[in-house]
Amino acid sequence: MAASAGPEIERLISLLSRLPGLGPRSARRAALTLLKRREQLMTPLAEALADAAAKVRACSACGALDTRDPCTVCADGTRDPGLICVVEEAGALWALERAGAFRGRYHVLGGLLSALDGVGPEDLRVADLVARVSAGGVREVILALPATVDGQTTAHYLAERLAASGAEVTLLARGVPVGGELDWLDDGTLTQALRARRPA
């Protein structure tokens with residue numbers, strides 16, 4: 001950082017650079033934009049951050065982030081309580097809601113099992129999920145976890161834990177994305193697409 005920048009600016013850049021997708025250069029550009037446009041951007045952003053920090057919390061039922069408990073999804077009586085979609089984080093829940101294709105309930109794990117990072121079942125909301133499903137009334141648990149080593153490990157572990165519950169445990173289909181060109185796809189995606197093929 002240039003010597004002419006004060007500690008307040010350095011702190012702002014440092015905090016911004018901790019956000020996903022923002023490195024030191026992007027953080028400097030974002031800080032400069034915020035400082036140049038205080039009234040239009042910086043002040044409203046500071047108010048929104050303070051408001052969110054004070055009001056947003058995790059839903060006690062599913063773990064989603066919301067300003068109410070239970071969250072908006074859990075409180076929606078039109079949703080099917082017999083379907084639970086398990087996701088890694090709230091961002092995946094938001095993506096599924098944006099698609100509008102799922103009308104059941106969710107369960108946010110809060111991460112994935114990872115031996116390298118020292119994340120075990122006790123660090124996630126696994127026990128809460130098992131309790132929800134074991135209480136009855138759940139027909140299907142959809143494991144909507146990333147197609148990564150940690151995601152697959154977590155899915156396998158959850159399938160084993162839920163095996164005795166009587167609920168069907170399913171995985172999201174993997175393969176060719178909508179609008180995808182075969183010659184642009186990696187070998188793993190093509191292999192999964194062939195394995196998960198269905199009747200035309």
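This dialogue goes through a few residues of a predicted model.

Student: What should I know before reading the values?

Tutor: The model is predicted: local features need pLDDT of at least 70, side-chain atom pairs count only at pLDDT 80 or more, and totals for chains, interfaces and linings use all residues. Residues are numbered from 1 along each chain as its sequence is written, and side-chain values use heavy atoms, with hydrogens and water left out.

Student: Where is glycine 82 found, and is glycine 82 buried or exposed?

Tutor: Helices (H or I, at least four residues) and strands (E, at least two) are DSSP runs numbered from the N terminus. Glycine 82 lies in strand E3, residues 80-87. Buried means under 20% relative accessible area, exposed over 50%, and partly exposed in between, with a 1.4 Å probe and protein chains only. Glycine 82 has a relative accessible area of 1%, so it is buried.

Student: Which residues is glycine 82 in contact with, leaving aside its neighbours within four places in sequence?

Tutor: Contact means heavy atoms within 4.5 Å. With those neighbours left aside, glycine 82 is in contact with Gly137, Val138, Arg139 and Glu140. Glycine 82 and glutamate 140 are 58 residues apart in sequence, yet their C-alpha atoms are 6.5 Å apart in space.

Student: Where is serine 114, and what is it in contact with beyond its neighbours within four places in sequence?

Tutor: Serine 114 sits in the loop between strand E4 (104-108) and helix H6 (126-134). Serine 114 counts as buried because its relative accessibility is 5%. Beyond those sequence neighbours, serine 114 is in contact with Val119 and Asp150.

Student: Is leucine 65 buried or partly exposed?

Tutor: Leucine 65, in strand E2 (residues 65-66), counts as partly exposed because its relative accessibility is 41%.
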